[in-house]
Amino acid sequence: AIAGGGFHTCASFGGAVKCWGDNYYGQLGNNAYVSKNVPVAVAGLSGISALTAGRYISCALGGTTLHCWGENYDGQLGLGDEEYAFKPKAITGISSATRIARGASGSHSCAVIGGAAKCWGFGEDGELGNNSTLSSSTPVTVTGLTSGVTDVGVGVDFSCALLGSGAVKCWGGNVNGELGNGTSGGQSNVPVTTIASGASALAVAFYHACAIVGTGVKCWGYNTDGEMGDGSTTLRTSPVSVSGLSGTPVS
């Protein structure tokens, strides 16, 4: 497993984790705050199967337990407080996590826990999906997504979930059409349907997202730099097909 944050990188080999790069907020997890230009061992982790990283934070999934460390200004580590962590700490109350996602801004996170989508951290734009604009330093359940969730993705101010039914639902900020429901502006504090069926994989970036749908790829949201891959730089409020892709997609 490997994950890149804003200014650091972490990788897992044989279940152990090493990180390197900026460490001002303790995101290297070696119980220090000195940056490193070579990998250093993250303290006390083994059996790690998945990693994710945000701007100044890192998380690791070992078995079904989530560990996070680094910046915690908005409670984005999910530890029930706002104290920075210079070494991994287990998120309490989570015993069946299967997927984790850390936002590009690093201010909120989401996970699949027992088939449900749960999020924590900054919530002013509705990105926690629990019909609130309050931040939470502990995981909260996304409204209506209590089962059947297979993956989650997190952008700067929005989040999305992939369901076993092939649907994609998104919630949070929508200034750039990142909810993909045909609108732009405002926000939704609960999930809205972006793709009704046929999706098999999901990827979420700063202000846009993409999904494998059938044998193609569709994207929606911010497009000033051509993120949609449809030959335009026009903001897309609904999923559009990426041009020029052929063959069988691998999710």
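1. Let's start with the open sheet of four strands, ordered 5-6-7-8 and paired in the antiparallel sense. Strands here (E, at least two residues), like helices (H or I, at least four), are DSSP runs numbered from the N terminus, and two strands pair if DSSP finds at least two bridges between them. Strand 5 and strand 8 (85-90) stand at the edges with a single partner strand each, so one side of each has no neighbour in the sheet. Neighbouring strands of this sheet are turned by 15° against each other on average, direction ignored. For that angle, axes are lines fitted to C-alpha atoms (for helices, over the stretch in contact), and angles run from 0 to 180 degrees between N-to-C directions.

2. A word on the model before going on. This is a predicted model, in which local features need pLDDT of at least 70 and side-chain atom pairs count only at pLDDT 80 or more, while totals for chains, interfaces and linings use all residues. Residues are numbered from 1 along each chain as its sequence is written, and side-chain values use heavy atoms, with hydrogens and water left out.

3. Now strand by strand. The hairpin that joins strand 5 to strand 6 goes through three residues. Between strand 6 and strand 7, also antiparallel, there are six bridges, and Ile57 has Gly70 of strand 7 as its bridge partner. That hairpin has two residues between the strands, and Gly63 takes a positive phi near 65° in it.

4. What about burial in strand 6 (residues 57-62)? Six of its six residues are buried, so strand 6 is largely enclosed by the rest of the structure. Buried means under 20% relative accessible area, exposed over 50%, and partly exposed in between (1.4 Å probe, protein chains only). Both faces are covered, with Ile57, Cys59 and Leu61 buried on one side and Ser58, Ala60 and Gly62 buried on the other.

5. His67 deserves a look. His67 lies in strand 7, and its bridge partner in strand 8 is Ala90. Strand 7 (residues 65-70) and strand 8 pair antiparallel over three bridges. His67 counts as buried, at 19% relative accessibility. Leaving aside neighbours within four places in sequence, His67 is in contact (heavy atoms within 4.5 Å) with Leu45, Ser58, Cys59, Ala60, Pro88, Lys89 and Ala90.

6. There is another open sheet of four strands, in the order 1-2-3-4 and with antiparallel pairing. Its edges are strand 1 (2-4) and strand 4 (36-41), each with a single partner strand, so one side of each is left without a neighbour in the sheet. Neighbouring strands are turned by 15° against each other on average in this sheet, direction ignored. Strand 1 and strand 2 (residues 8-13) run antiparallel with three bridges between them, and Ala3 has Cys10 of strand 2 as its bridge partner.

7. On to the largest pocket, which holds about 290 Å³ of space. Of the 20 residues that line it, Thr52, Ile100, Ala101, Val152 and Gly153 are the closest to its centre. On a 1 Å grid over the protein atoms alone, a pocket is an open set of points with protein on both sides within 12 Å along at least five of seven lines, whereas a cavity is a set where a 1.4 Å probe fits but cannot get out; lining residues have an atom within 4 Å of a point. Grid points are joined across faces, edges and corners, and a volume is the space filled by probe spheres set on the points.

8. Which strands supply the lining of the largest pocket? Strand 5 (48-53), strand 9 (97-102), strand 13 (149-154) and strand 17 (199-204) each supply at least two residues. Strand 9 gives the most, with five residues. By class, the lining has 13 nonpolar, four polar and three charged residues. Here Ala, Val, Leu, Ile, Met, Phe, Trp, Tyr, Cys and Pro count as nonpolar, Asp, Glu, Lys and Arg as charged, and the others, Gly among them, as polar.

9. Last, Ile195, which lies in strand 16 (residues 187-195). Ile195 is buried, with a relative accessible area of 7%. Not counting residues up to four places away in sequence, Ile195 touches Gly166, Ala167, Val168, Ala211, Val213, Trp220 and Pro239.
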